[in-house]
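Trainee: Please take a close look at one part of this model and walk me through it. I would like to know how that part sits within the whole.

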Amino acid sequence: MGVTLRRLGRDECQLAAGLTVAPEQRVYTGTVTEALAGMGEFRHPHGVFLDETMVGFFIVDSAFAVEFDFCDANDLGIRTFLIDSQHQGLGLGKAATVALRPFLVTAFPGVSAVWLTVNCRNPGAYRCYEQGGFSDTGALYEGGSAGPQHVMRLALS
Ligand SMILES: CC(C)(COP(=O)(O)OP(=O)(O)OC[C@H]1O[C@@H](n2cnc3c(N)ncnc32)[C@H](O)[C@@H]1OP(=O)(O)O)[C@@H](O)C(=O)NCCC(=O)NCCS
């Protein structure tokens, strides 16, 4: 499945707000609109594209260590990773996570690792991240509002 990842401009962010997840999945990511409302200078919005169609969204957070003490100051974090509900179950999430490492190595040169947390009740996302090369560190992050989360890490260098 050929997907491309790229940073979103302001207009494309408005398009991204049209991406949705099922109501029962919202507990894991919230909505794109909510995420875009809390961006700040360190959170960079990105799209997952199938040809020219935006099918997914994620944020690269270059200040992840401010919130999470398991990572180093220069490491990256991924937030609000989602595939639009109409496009889920087709392998696009896997394709996007597989594309993530080469994309980040080029887009954020010199960074050692990227981190994320995934709810223990979200095996689909966990599997997807594993397929992209993320390793479960074995640590659990307990600070989320929806229960414990696995801490996963992908080496970039
Ligand atoms: C998680 C998410 C990104 C996966 O995207 P997707 O395009 O549907 O995933 P894919 O079709 O690429 O499937 C990836 C793998 O997960 C597996 N999978 C999917 N749902 C699963 C489940 N409930 N339990 C176990 N494995 C599951 C698939 O079978 C596939 O593995 P396989 O190749 O070995 O068969 C998507 O479901 C989503 O956006 N969910 C809502 C938001 C969310 O939870 N984001 C993660 C926040 S941490």
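Mentor: Take Cys 128, which is buried, with a relative accessible area of 11%; buried means under 20%, exposed over 50% and partly exposed in between, with a 1.4 Å probe and protein chains only. This is a predicted model, in which local features need pLDDT of at least 70 and side-chain atom pairs count only at pLDDT 80 or more, while totals for chains, interfaces and linings use all residues. Residues are numbered from 1 along each chain as its sequence is written, and side-chain values use heavy atoms, leaving out hydrogens and water.

The closest cysteine sulfur to that of Cys 128 belongs to Cys 120, 17 Å away, which is too far for a bond. A disulfide here is a pair of cysteine sulfur atoms within 2.5 Å. Searching the whole structure gives zero disulfides. Cys 71 is accordingly in none, and its nearest cysteine sulfur, again that of Cys 120, lies 18 Å away. Cys 71 is also buried, at a relative accessible area of 7%.

Along the principal axes, the C-alpha atoms fill a box of roughly 35 × 35 × 30 Å.
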